[in-house]
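Reader: I am new to this one. Please take me through the terms as they come up.

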Amino acid sequence: IDRPGRFEHAHGGTLLLDEIGDLPLAMQRMLLLVLQDGRVTRLGESTPRPVQVKLVAATNSDLLAAVQAGTFRADLYARLNPAASLRLPPLRERVEDIEPLLRGLLRKTFAAGPNRALLVEYCDRAGLTGPLHVDLVIGTAAERSRPGKLERGLRFLLHPSSLAAIRQHPFPGNVRELEMLIGNAAVSALADALAAAESGRAVPAAAQSLFIPAKL
């Protein structure tokens with residue numbers, strides 16, 4: 001009513017509509033009109049506003065099957081059916097991506113917020129100085145004390161058997177599920193290590209390398 005909507009914000013640019021297959025039929029009709037006319041009308045107004053938007057639509061659904069089932073409009077499907085489309089295979093079909101994704105998602109886990117504060121607190125307790133980093137290494141608990149390149153921060157060790165188990169998991173939740181898995185495991189391992197450091201049980205030689213137990 002008193003502010004621009006998504007299409008107005010995206011005027012002259014690109015708008016991503018995620019999970020478009022879940023859009024109710026009434027909203028599908030509204031979207032179709034916007035795509036056909038290139039105009040939107042705010043609630044309570046009678047004057048349409050022109051919008052020029054490049055649309056990117058994403059879905060987890062089989063839209064053609066939804067059209068056949070009557071849950072997705074055929075005319076909207078025809079509008080959205082692109083000259084170029086991109087199919088992203090599920091994670092279980094691209095297991096070679098799991099290891100680099102684990103590393104990137106681990107860094108994301110400790111990039112900000114309470115998890116970042118937990119990392120800073122541990123590094124301070126363990127006496128680690130210098131730039132703050134996290135990394136993931138595939139190895140065994142015996143490799144804790146292996147010298148590393150990190151001056152400050154942590155090297156999380158994931159046992160090869162744990163990686164093998166992760167690669168065998170079907171991941172119905174795809175990358176989101178993988179992010180939750182590595183995030184929860186790493187934070188749990190770090191919290192245990194911080195408790196050990198606070199009680200004086202942390203081993204200085206191993207302070208920079210934390211092993212993620214298989215149970216996590």
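Author: This is a predicted model. Start with the lining of the largest pocket: 23 residues are nonpolar, 9 polar and 7 charged.

Reader: What volume does the largest pocket have?

Author: Its volume is about 1,400 Å³. Of the 39 residues that line the largest pocket, Ala57, Ala58, Thr59, Asn60 and Leu86 are the closest to its centre.

Reader: Which helix gives the largest share of the lining of the second largest pocket?

Author: H2 does, with 7 residues. The second largest pocket has a volume of about 930 Å³. Among the 26 residues lining this pocket, Phe7, Met27, Met30, Val34 and Val40 are the closest to its centre. By class, its lining has 14 nonpolar, 3 polar and 9 charged residues.

Reader: How do H6 and H8 pack?

Author: Helix H6 (residues 113-126) and helix H8 (residues 174-198) pack at an angle of about 35 degrees, their axes 10 Å apart. The crossing is left-handed.

Reader: What makes Leu118 of H6 part of a contact with H8?

Author: Contact means heavy atoms within 4.5 Å. Leu118 is among the H6 residues that meet H8, as are Tyr122 and Arg125. On the H8 side, the residues include Leu190 and Leu194. The contact divides into 9 nonpolar, 1 polar and 3 charged residues.

Technical notes:
Residues numbered from 1 in each chain as written. Predicted model: local features only at pLDDT ≥ 70, side-chain atom pairs only at ≥ 80, totals over all residues. Heavy atoms only, no water. Axes fitted to C-alpha atoms, helices over the stretch in contact; angles between N-to-C directions. Helix = DSSP H or I, 4+ residues; strand = E, 2+ residues; numbered from the N terminus. Left-handed = near helix turned anticlockwise from the far one by under 90°. Nonpolar A, V, L, I, M, F, W, Y, C, P; charged D, E, K, R; others polar. 1 Å grid on protein atoms, 1.4 Å probe; cavity = no way out; pocket = protein on both sides within 12 Å on 5 of 7 lines; lining within 4 Å. Points joined across faces, edges and corners; volume = space filled by probe spheres on them.
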